[in-house]
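Colleague: I would like a close look at a single part of this model. Please keep to what can be computed from the atoms.

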Amino acid sequence: DFLFTTNNGSSAALDVTSTGNVGIGTTTPQTNLDVAGNIRADGNFGALQLLQAAGTGFRFQLNNDGKLYFQDTTNSFSSTVHNLLVADSATGYVGIGSTSPATNLSVSGNGYLTGGLGVGLLNTTAGTLQTTGNIIGGGTLALTGTTGTTTIASGQGFTVGGSQFVL
């Protein structure tokens, strides 16, 4: 082993083992790089890139715009990437598929849920959209069930029981 110490030899600073593992703050590194403590990356942007042997992988990158990007990438830091997730430190907003989230959660593109979606509700039933408030839309509402499809355009009405509703 090749060991650098601090405090008159009482604290491990850097250890390179005979197997090639490097330990920072530890004398028993378990993998290629083993760090005991915090890691800091500084500069115009800090990045952590995790790659597979084929050279593809993911990168966490903190840009000087104050946003943390989670991206897919190839083995080059200058390669074209997709911004999968962005967290804006100035607003606390998170974007999926968007680099400029406009609210707590901004999603650009389609979404797919295997469960239910609750608006103002914590627990929902799979396959349902449930809300504690109103549903406001500007297009056409299409209701599909086991007996067919009903389409209601804006300005048209429908009756349920003794109550009439107009969209």
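Is Leu-105 buried or exposed, and what is its relative accessible area?

Modeller: This is a predicted model, in which local features need pLDDT of at least 70 and side-chain atom pairs count only at pLDDT 80 or more, while totals for chains, interfaces and linings use all residues. Residues are numbered from 1 along each chain as its sequence is written, and side-chain values use heavy atoms, with hydrogens and water left out.

Leu-105 is exposed, with a relative accessible area of 51%; exposed means over 50%, buried under 20%, and partly exposed in between, with a 1.4 Å probe and protein chains only. Leu-105 lies in strand 10 (strands are DSSP runs of E, at least two residues, numbered from the N terminus).

The partner of strand 10 is strand 9 (residues 94-96), paired in the parallel sense over three bridges; two strands pair if DSSP finds at least two bridges between them. Within this pair, Ile-96 is opposite Val-107.

Leu-105, Ile-96 and Val-107 also meet in a nonpolar surface patch of about 480 Å², together with Phe-58, Leu-84 and Leu-85. Patch residues have over 30% relative accessible area and no salt bridge, and nonpolar side chains (Val, Leu, Ile, Met, Phe, Trp, Tyr) are joined within 5 Å. Strand 8 (82-88) and strand 10 are the elements that give two or more residues to the patch.

Key:
Helices (H or I, at least four residues) and strands (E, at least two) are DSSP runs, numbered from the N terminus. Patches are made of residues with over 30% relative accessible area and no salt bridge: like charges are joined within 9 Å, nonpolar side chains (Val, Leu, Ile, Met, Phe, Trp, Tyr) within 5 Å. Accessible areas come from the Shrake-Rupley method with a 1.4 Å probe; for residues, only the protein chains shown count as cover. A salt bridge is a side-chain nitrogen of Lys or Arg within 4 Å of a carboxyl oxygen of Asp or Glu.
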